[in-house]
Amino acid sequence: MKEIIDRLADVHTLSREEYRTLLTEMTAENEEYLALKAREIRHAIYGHDVFTRGLIEFTNYCKNDCYYCGIRKSNQHASRYRLTREEILSCCKNGYELGFRTFVLQGGEDGYYTDERLVQLVRIIHERYPDCAITLSIGERSKESYQRLYDAGASRYLLRHETANEAHYKRLHPSNLSLQNRKACLVHLKNIGYQVGCGFMVGSPGQTVDNLIEDLNYISSLQPHMVGIGPFIPHKDTSFANEKAGSLAMTLRLLSILRLMLPSVLLPATTALGTIHPMGREKGILAGANVVMPNLSPTDVRKKYMLYDNKICTGDEAAECRLCLSRRMEKIGYRLVVDRGDYRTCDL
Ligand code: SAH
């Protein structure tokens with residue numbers, strides 16, 4: 001097992017069978033070795049810095065009906081909200097004062113937010129905060145739309161592919177959504193010049209080890225700048241309400257594998273990871289992650305952006321969230337930095 005881990009650290013890729021061994025035959029000792037190698041690479045490129053992204057969940061209206069998601073269109077119990085431009089700008093102002101230099105605008109696919117409205121919004125944020133990066137995470141749009149938003153000042157885009165396997169994609173989504181289109185969006189985004197993030201949920205219903213290997217190979221071929229992974233967590237108002245959540249151990253293992261596959265990747269220790277274990281985000285950082293994404297949304301809407309049950313940090317002010325995370329990172333020997341947290345190229 002150690003030889004496989006060493007080879008992954010050296011050549012950044014493995015055969016399907018080797019990935020399978022890593023994913024299915026891991027012992028506690030090897031798990032620690034895997035994390036150690038992941039940290040070594042991460043320290044060589046990013047030191048002990050942890051980048052922060054201020055997450056603004058600006059709308060929970062969504063035209064899609066993804067079976068796993070709490071804000072899916074058919075969830076009648078979701079109380080819908082949409083932040084106004086002024087509210088979003090006030091989140092940015094607050095965030096900037098707190099030391100955030102990246103804003104992530106995330107939301108459901110909300111028809112109200114047309115290209116015109118979004119372009120205007122992105123342009124204002126870009127003008128007011130020229131030293132900040134603007135990340136969008138608003139789902140599938142046309143190539144033209146992505147281009148207009150890029151021209152307006154957005155430079156990063158998060159669009160998890162969710163699963164790289166066709167049949168599994170169908171298990172998680174209604175038939176009007178396709179893996180093919182999702183992947184095409186990622187290619188457009190990359191070609192336009194965005195720093196792109198793909199990713200998937202660990203332990204989503206029906207996910208097999210083979211699916212995970214396909215995810216790893218897909219990520220290897222896309223060579224994204226960021227990869228967002230976190231455990232699947234059931235939401236009570238979805239058809240997956242009674243499914244099991246993804247495991248902490250598997251998520252940590254995959255974070256380490258991703259760090260070794262893509263040495264420079266920007267890898268968040270996600271809120272979902274912090275939700276399934278009180279020290280989940282710390283463990284994620286210690287497995288090789290280098291990003292955290294605390295919430296900047298106004299507290300009165302936090303509970304409404306419930307993608308899954310029991311989401312953490314829904315009652316705290318942004319300032320408390322940042323302080324809390326900063327303390328948590330310091331306790332494990334890392335530090336939150338005031339920085340855009342750009343992707344660093346390296347030849348490791
Ligand atoms: N509408 C945007 C943002 C989606 S929400 C888009 O389509 O990209 C961001 C991510 O949350 C999703 O990509 C999904 O991977 C994750 N997510 C949704 N429901 C979840 C659940 N029940 N458990 C864990 N993660 C979930």
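Author: What follows goes from the ligand to a helix and then to some single residues. This is a predicted model, in which local features need pLDDT of at least 70, side-chain atom pairs count only at pLDDT 80 or more, and totals for chains, interfaces and linings use all residues. Residues are numbered from 1 along each chain as its sequence is written, and side-chain values use heavy atoms, with hydrogens and water left out.

Reader: Which residues come nearest to the ligand?

Author: A residue is near a molecule if one of its heavy atoms lies within 4 Å of it. Here 17 residues are around the ligand, and Tyr68, Gly107, Arg160, Glu162 and Ile233 come nearest. By class, the shell has nine nonpolar, five polar and three charged residues. Ala, Val, Leu, Ile, Met, Phe, Trp, Tyr, Cys and Pro count as nonpolar, Asp, Glu, Lys and Arg as charged, and the others, Gly among them, as polar.

Reader: Which polar side-chain atoms lie by an oxygen atom of the ligand?

Author: A polar contact is a pair of N or O atoms within 3.5 Å; within protein, one must be able to donate a hydrogen and the other to accept it, and residues adjacent in sequence count only if both atoms are side-chain atoms. Glu162 has a polar side-chain atom 2.5 Å from an oxygen atom of the ligand, and for Arg182 the distance to a ligand oxygen is 3.2 Å. Tyr68 uses its backbone: an N or O atom there lies 3.0 Å from a nitrogen atom of the ligand.

Reader: How much of the ligand does the protein bury?

Author: The protein buries 91% of the 560 Å² that the ligand exposes when taken alone. Accessible areas come from the Shrake-Rupley method with a 1.4 Å probe; for residues, only the protein chains shown count as cover.

Reader: Where is Glu162 in the chain, and is Glu162 buried or exposed?

Author: Buried means under 20% relative accessible area, exposed over 50%, and partly exposed in between (1.4 Å probe, protein chains only). Glu162 is in the loop between β5 (156-158) and α7 (166-172). Its relative accessible area is 9%, so Glu162 is buried. Glu162 also has a positive phi of about 75°, although it is not a glycine.

Reader: How do I read a helix such as α14?

Author: Helices (H or I, at least four residues) and strands (E, at least two) are DSSP runs, numbered from the N terminus. The expected span of a helix is 1.5 Å times one less than its number of residues. Helix α14 (residues 318-331) has 14 residues and should span 20 Å, which agrees with the 20 Å between its end C-alpha atoms.

Reader: Which residues of α14 are buried?

Author: An α-helix has 3.6 residues a turn, so residues three or four places apart point the same way. In α14 the buried residues are Ala318, Cys321, Arg322, Leu325, Ser326 and Met329. Seen down the axis, they fall within an arc of 130° (taken from the directions from the helix axis to the C-beta atoms), so they line one face of α14. The face turned away from that side carries the exposed residues Arg327, Glu330 and Lys331.

Reader: Where is Ser204, and what joins its side chain to that of His168?

Author: Ser204 lies in the loop between β6 and α9. Ser204 is buried, at 2% relative accessible area. A polar contact of 3.4 Å joins its side chain to that of His168.
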